[in-house]
Structure formats: C-alpha cells, structure tokens
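I opened this model to look up its fold, its strand pairing, its charged pairs and a few single residues. My notes are below, in the order I made them.

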Amino acid sequence: MIHQWDLRHYLGIPMATRSGDIDPAIIPYIMKLDNLGPEDIEDMLNKQSGAWGVSGVSSDYRDIEDGYNMGDQRSILTLESQAYKIAGFIGQYVVALGGVDVITFTGGVGENGFETRERICDYLGVLGVEIDKNINKQKGKEIKISTENSKVAVYVVPTNEELMIARDTKNIIG
C-alpha cells in the first residue's frame, strides 16, 4: 500500500522542496487513497517533495551532501537520482541537437557543487565525457574541467545574476 509520503519518491529532477516531473496519474490515485484535497497535493508537490522529500534530511543540498558522505541511504538516493535525471535530460538534448560539443555548468550548484558535477559527468561517460577530478574541485571559477581525452568539452562558467537583472531592468526602463 502506498502512503502519502511515498508520492515524494516518484520524482523528476528534485529541486529543494518541489517535485520536478512526476507521472500525472499518481496524483488522483494518492488523493483517493489518502483522502487528500487539491491543497494537500499542492503542498506536498511544492513544499514537501524534491530533495527534502526524498532525503528526509533537509532542502539544503549541503546537508544532503554531508549525509551522502556519511553513507545515509536516502541522501545517496537523493543525489544519485538527481545526477541521473540531469544526465538523462542532457542526453535528450544531445539526441535533439544531433550531438554535443560542450557541456557547461553554471548557477549555484553548477558553479560550486563539484561533487554534483562529478556525479553527472560519471553518468555522461557513455558520451565520452571525462573530467579531471582534481581540476573539478575548484569552485566559482571559469574553468575547463574535461580532460584532453574527453570527447566533449566540459566547462564551469560562473554567473552574475544580479548584474543580469540590473542590465535587464535598465533595458526595460529605457
């Protein structure tokens, strides 16, 4: 029998507390099984799911990474499923584009989460992706992390979201 909390385990790419993609057929099933209303499901999918729901540890990936390093099975499941799903999405784009020359990691986790980058690139080994694990440990720098033998170049490119927001605002205002 599936219980209410089990919905959190049927996820796409887990965000901090949001579910990502799920099979839509599970929603009415869980609603009927546990006598839940739309507000209950909305709360579950947006506030109790994702990394928080799977890990049971935290919505903060640093805490989950600590759990992963201590061998906590739910933290391992959280981070491995995240890496697998991201690699799968990259694979879908590779098929849609007919190949790939460069993969770029950016944003908070992409810039600073060297463990996450390594897990994702391990899954992308089937594409010939190979990273230098020592170079990959650098955080927040624009850097090429792929090896010379890698069939795909892999980079980390820091963003400056505040600068982009300021520029967009200036352009909108005129």
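The entries go from the whole chain to single residues.

**Entry 1: ground rules.** I am working on a predicted model, where local features need pLDDT of at least 70, side-chain atom pairs count only at pLDDT 80 or more, and totals for chains, interfaces and linings use all residues. Residues are numbered from 1 along each chain as its sequence is written, and side-chain values use heavy atoms, with hydrogens and water left out.

**Entry 2: overall.** I looked up the secondary structure and got nine helices and three strands. Helices (H or I, at least four residues) and strands (E, at least two) are DSSP runs, numbered from the N terminus. From the N terminus, I read the order as α-α-α-α-α-β-α-α-α-β-β-α. Along the principal axes, the C-alpha atoms fill a box of roughly 55 × 50 × 35 Å.

I then checked burial: of the 174 residues, 34% are buried. Buried means under 20% relative accessible area, exposed over 50%, and partly exposed in between (1.4 Å probe, protein chains only). The accessible surface is about 10,500 Å², and carbon and sulfur atoms hold 54% of it. Areas come from the Shrake-Rupley method with a 1.4 Å probe; for residues, only the protein chains shown count as cover. For contacts (heavy atoms within 4.5 Å) with a separation of 6 or more, I noted that 53% join residues 24 or more positions apart.

**Entry 3: strands.** Which strands pair with β3, and in what sense? Strand β1 (residues 102-105) pairs with β3 (residues 153-156) in the parallel sense, over four bridges. Strand β2 (residues 143-144) runs antiparallel to β3 and is joined to β3 by two bridges. Two strands pair if DSSP finds at least two bridges between them. I followed tyrosine 155 in β3: threonine 104 has tyrosine 155 as its bridge partner, and lysine 144 stands opposite tyrosine 155.

**Entry 4: charged pairs.** How many salt bridges does a search of the whole structure find? The search finds four, a salt bridge being a side-chain nitrogen of Lys or Arg within 4 Å of a carboxyl oxygen of Asp or Glu. I list three of them here.

- Aspartate 60 and arginine 62 form one, with the closest N and O atoms 2.7 Å apart. Aspartate 60 is partly exposed at 25% relative accessible area, and arginine 62 is exposed at 63%.
- Lysine 133 and glutamate 118 meet in another at 3.4 Å, N to O. This pair links distant parts of the chain, 15 residues apart: lysine 133 is in helix α8 (residues 133-136) and glutamate 118 in helix α7 (residues 114-123).
- Lysine 133 also forms a salt bridge with aspartate 122, the closest N and O atoms being 4.0 Å apart. Lysine 133 lies in α8 and aspartate 122 in α7, so the pair ties together parts that are 11 residues apart in sequence.

Through shared partners, Glu118, Asp122 and Lys133 join into one network. On accessibility, lysine 133 is partly exposed at 40%, and aspartate 122 is partly exposed at 47%.

**Entry 5: helix α4.** In α4 (residues 61-69), I found Tyr61, Ile64, Glu65 and Gly67 buried. Seen down the axis, these buried residues fall within an arc of 160°, so they line one face of the helix. The arc is that of the directions from the helix axis to the C-beta atoms. Arg62 and Asn69 are exposed on the other side of α4. The cover over the buried residues includes α3 (50-55), α5 and α7. Just after α4, glycine 71 has a positive phi of about 85°.

**Entry 6: threonine 78.** The side chain of threonine 78 reaches the backbone oxygen of arginine 74 at 2.7 Å. A polar atom of the threonine 78 side chain also lies 3.1 Å from the backbone nitrogen of serine 55.

**Entry 7: proline 158.** Proline 158 sits in the loop between β3 and α9 (161-173) and is partly exposed at 28% relative accessibility. Leaving out residues up to four places away in sequence, I found that proline 158 touches Thr106, Glu111, Gly140, Lys141 and Glu142. From proline 158 to leucine 97, 61 residues apart along the chain, the C-alpha separation is 24 Å.

Definitions and conventions:
A polar contact is a pair of N or O atoms within 3.5 Å; within protein, one must be able to donate a hydrogen and the other to accept it, and residues adjacent in sequence count only if both atoms are side-chain atoms.
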